[in-house]
Amino acid sequence: MAVGCVVGLLAACGNSTSSTNNSGTNTASAPGITATTITIGSTQPLTGPAAPGYSEIAPASNAYFQYLNAHGGIFGRKITYNYVDDGYNPTITASQTRKLVLQDKVFAIFSALGTPTHLAVADYLNTEKVPDLFVSSGCNCWNDVSKYPNTFGWQPDYTIEGKVLGQYIKQSLSGKKVGYFFQNDEFGLDGVKGLDDQLGASSIASRQNYVPTNTNVGPQIAALQASGAQVVVSFTIPAFTALALLTAAKLGYHPTWVVSNVGSDVPTLTGLLTTFSKGAVGGQLLGGLVTDTYLPLISDSSNPWIKLFKGIHDQYISSLPWDGNVLYGMADAYTLAQAFKAAGRNPTRSSFVKSLESAKLSNGPGLAPFGYSSTNHLGYLGVQVATIGADGTETTAGPVFTSSDSGPISQYGGSASSPPANGIP
Amino acid sequence: MVAAQLRLSRLVSPTLSRHLLLALGAAVLLLLLSAQIGAYDDYQLTAVAIFAVATAGLTLLTGLNGQLSLGHGALMAVGAYTTSLLLKDHQLAVVVVLLVSVLSTGLIGIVFGYAAARLRGPYLAGATLTLAVALPQVATRYKNIFGGEEGLTVTPTAPPAWLGADFPPERWLAWIALAAAVVTILLLANLLRSSAGRAFKAVRDNEAAAALAGIDVARTQVLAFVISASCAGLAGALFAYWSGVTAPAGFSLSLSLQLVTAIVIGGLGSLAGAVWGSVVLVFVPALTSGMASSLNLPSSIANNLPLAIYGAILVIAMLMVPYGIQGALTRILKIGRTRWGRSPASGNKGVVDWDDPAADP
């Protein structure tokens with residue numbers, strides 16, 4: 001059926017689900033959209049402190065778009081993905097975003113990576129009314145419909161993640177002393193907010209933070225050890241998860257580590273641990289680590305989404321490792337394709353945003369549903385806890401939980417979906 | 001009485017009128033240019049103007065007073081944070097914001113200038129280097145005031161209503177930055193032709209000789225530092241408007257080094273060279289990233305290639321034109337003049353052109 005839709009583009013497939021006019025011919029309906037192409041842009045840390053791991057995300061999205069283009073595109077249009085390096089430096093993000101909007105005339109900014117970097121341009125993009133889609137950051141700042149009407153998050157926000165992890169600690173690691181180690185910005189602080197909501201702020205043995213520009217985390221880890229914390233929740237980017245684990249191992253400190261999703265990708269961490277310790281240790285430090293996920297696990301080769309994306313990876317970007325970053329890039333590219341499909345044949349910037357608020361996209365590869373509505377610009381609303389075994393294999397534990405920043409946690413009853421046969425929405 | 005007459009005649013001296021005329025010509029040309037080009041070109045032109053303000057100030061300090069500063073990026077940060085803090089809760093006119101930023105950076109410049117005047121060569125470079133490394137950390141340490149790593153966002157200046165509703169905000173900012181650059185360079189060019197300017201150069205060339213000639217060496221050095229810092233403050237304030245965000249990562253050590261690179265590549269000791277250097281700073285990286293992406297290389301190489309090409313271009317440029325762009329242009333002009341039988345500097349006989357690096361001993 002899905003193949004039929006793509007082949008017979010002019011046959012009005014999906015008319016029943018969309019109010020927009022899908023029949024007719026392609027027009028250059030908005031900046032960045034021609035009869036045959038859609039151009040979108042992004043700023044990514046291809047170099048600099050956040051590059052390890054994260055620099056794979058945009059090439060992975062691009063691989064999905066190449067696959068999509070080879071299979072007929074969206075309403076016959078091919079997607080051109082113009083991603084540029086900002087070195088995780090907000091000032092460069094600011095100038096590169098203006099280049100994408102003013103010179104390259106992109107239809108939308110897609111998957112721009114980083115909280116400090118993207119905060120630098122969110123005002124600008126909304127003033128210019130450029131759709132600002134699926135920011136690669138779990139800051140809840142993107143869910144501010146009155147301030148940023150054109151900005152949409154994608155991954156679960158860090159507060160929701162903190163709440164679900166906090167609930168797990170309360171239930172499965174009860175009675176143990178808990179300490180925090182977090183990045184001293186919106187990322188870490190949002191996560192801590194969610195954790196405190198579940199664990200109670202007064203019960204925390206020690207709260208330690210770091211800034212990404214200072215790689216010496218010795219004092220913080222020593223303070224956690226001195227506080228007697230038996231569980232350390234770590235809202236860290238991969239490099240700092242690795243530094244924390246290594247420093248703790250050196251000090252002979254072995255708490256149960258609970259690490260946020262963005263800092264827990266097993267292949268990335270194994271590589272970093274090996275590099276930082278000059279080969280002395282590797283993935284064995286990850287045994288027993290608790291984390292969470294909102295996408296299927298990369299090791300779950302029976303999952304149809306993993307099969308699809310792994311196949312695209314092998315075909316288009318086989319030089320990159322198959323890891324969580326690549327999965328992330330492909331999954332959010334899939335969501336963008338869904339959104340374009342829902343927006344109809346000839347969208348404008350504002351009709352696209354309206355459609356995303358009302359279309360109720362299916363959750364695609366995600367484990368939890370999307371939150372998109374006219375009052376909510378959050379992406380995935382929930383996560384599932386996962387643990388890493390001594391051999392490095394990740395397994396999910398318990399059900400998927402959804403929540404919001406202020407609401408209660410509830411168990412998600414929906415079932416996982418399967419991709420369309422040809423892999424495009 | 002005589003002094004008053006002298007001062008009066010200096011106000012309408014041929015140098016000033018020549019500079020004024022040049023500045024006016026440049027302003028008109030730039031105005032016409034900015035109206036012809038697209039919004040993104042205006043945005044880049046603004047960047048050139050901002051860097052020109054900073055590098056012109058640095059040229060005064062390093063090229064003409066002999067004090068090497070590796071901390072001008074941090075001084076730009078002072079101007080940028082002043083602007084961002086002023087605009088955080090208030091709506092103020094651009095002119096006011098720029099002036100306050102110049103003053104606040106000038107104040108920091110006085111403090112640092114006094115320390116700098118006691119130091120020489122590598123010690124001075126080291127001291128200013130600390131400024132570049134330490135000052136951005138203040139922003140992360142006092143997160144509540146300076147916004148930490150995310151920094152502070154800056155409200156853009158809207159073009160005035162009489163320019164029409166469709167007037168691009170990028171062009172309006174370009175006008176502001178270009179006006180600031182033209183005024184800064186005009187004032188500096190004038191200063192350099194005055195007794196203060198001659199004192200700067202005398203101190204650079206030989207401190208003992210300058211002191212014997214009655215010049216207060218330390219005071220001259222502090223003055224040069226303060227003027228230079230004020231320029232950096234103005235550039236920083238414009239930079240805040242330009243990028244829309246003031247964050248510590250924007251004012252790293254590499255910015256300070258870029259400014260030094262610009263004045264060397266442009267032609268050390270010449271204000272025109274500072275402008276050339278700013279053009280290089282803005283346009284060469286854009287060119288190299290275009291080159292790298294057109295080569296279709298593996299991402300691990302392609303990602304790092306623009307910086308590598310940029311570095312290679314700078315090295316080759318320094319090997320081929322050691323006096324910088326302005327030095328090379330002066331030489332070409334000189335060759336042209338001798339070939340076509342015109343004596344060099346025929347317009348102002350007997351005057352050594354201090355702005356001409358090729359004419360320096």
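Two residues are in contact if their C-beta atoms, placed from the backbone, lie within 7 Å. Helices (H or I, at least four residues) and strands (E, at least two) are DSSP runs, numbered from the N terminus.

The model is predicted: local features need pLDDT of at least 70 and side-chain atom pairs pLDDT 80 or more, while totals for chains, interfaces and linings use all residues. Residues are numbered from 1 along each chain as its sequence is written, and chains are lettered from A and ligands numbered from 1 in the order in which they are written.

**Stop 1: two helices of chain B.** Select H8(B), residues 169–192, together with H11(B), residues 217–243. Their axes, lines fitted to C-alpha atoms over the stretch in contact, are 11 Å apart, and the packing angle is about 175°, on a scale from 0 to 180 degrees between N-to-C directions. The two helices are therefore roughly antiparallel, a term for angles over 145 degrees.

Now show the side chains. From H8(B), B:Leu173, B:Ala177, B:Ala180 and B:Thr184 meet B:Cys231, B:Leu234, B:Leu238, B:Tyr241 and B:Trp242 of H11(B). This contact has eight nonpolar residues, one polar and no charged. Here Ala, Val, Leu, Ile, Met, Phe, Trp, Tyr, Cys and Pro count as nonpolar, Asp, Glu, Lys and Arg as charged, and the others, Gly among them, as polar.

**Stop 2: helix H9 of chain B.** Select residues 195–205 of chain B; the buried ones are B:Gly197, B:Ala199, B:Phe200, B:Ala202, B:Val203 and B:Arg204. Buried means 20 or more other C-beta atoms within 10 Å of a residue's own, exposed 12 or fewer, and partly exposed in between. The buried residues of H9(B) pack against H8, H10 (207–212) and H11 of chain B.

**Stop 3: the core.** Which residues have the most contacts inside the largest nonpolar core? They are A:Met330, B:Ile50, B:Val53 and B:Leu238, in a core of 221 residues. Such a core is a set of buried Ala, Val, Leu, Ile, Met, Phe, Trp, Tyr and Cys residues joined through C-beta atoms within 7 Å. H11 of chain B gives the most to this core, 17 residues.

**Stop 4: between the chains.** Select the 20 residues of chain B in contact with 25 residues of chain A. Helix H3 (residues 39–63) of chain B supplies the largest share of the chain B side, three residues.

**Stop 5: a loop in chain A.** Finish at A:Tyr88, in the loop between strand E2 (78–85) and helix H4 (90–103). A:Tyr88 is not a glycine, yet has a positive phi of about 60°. A:Tyr88 counts as buried because 25 C-beta neighbours lie inside 10 Å.

Note on methods:
Angles under 35 degrees count as roughly parallel, over 145 as roughly antiparallel, 65 to 115 as roughly perpendicular and the rest as oblique.
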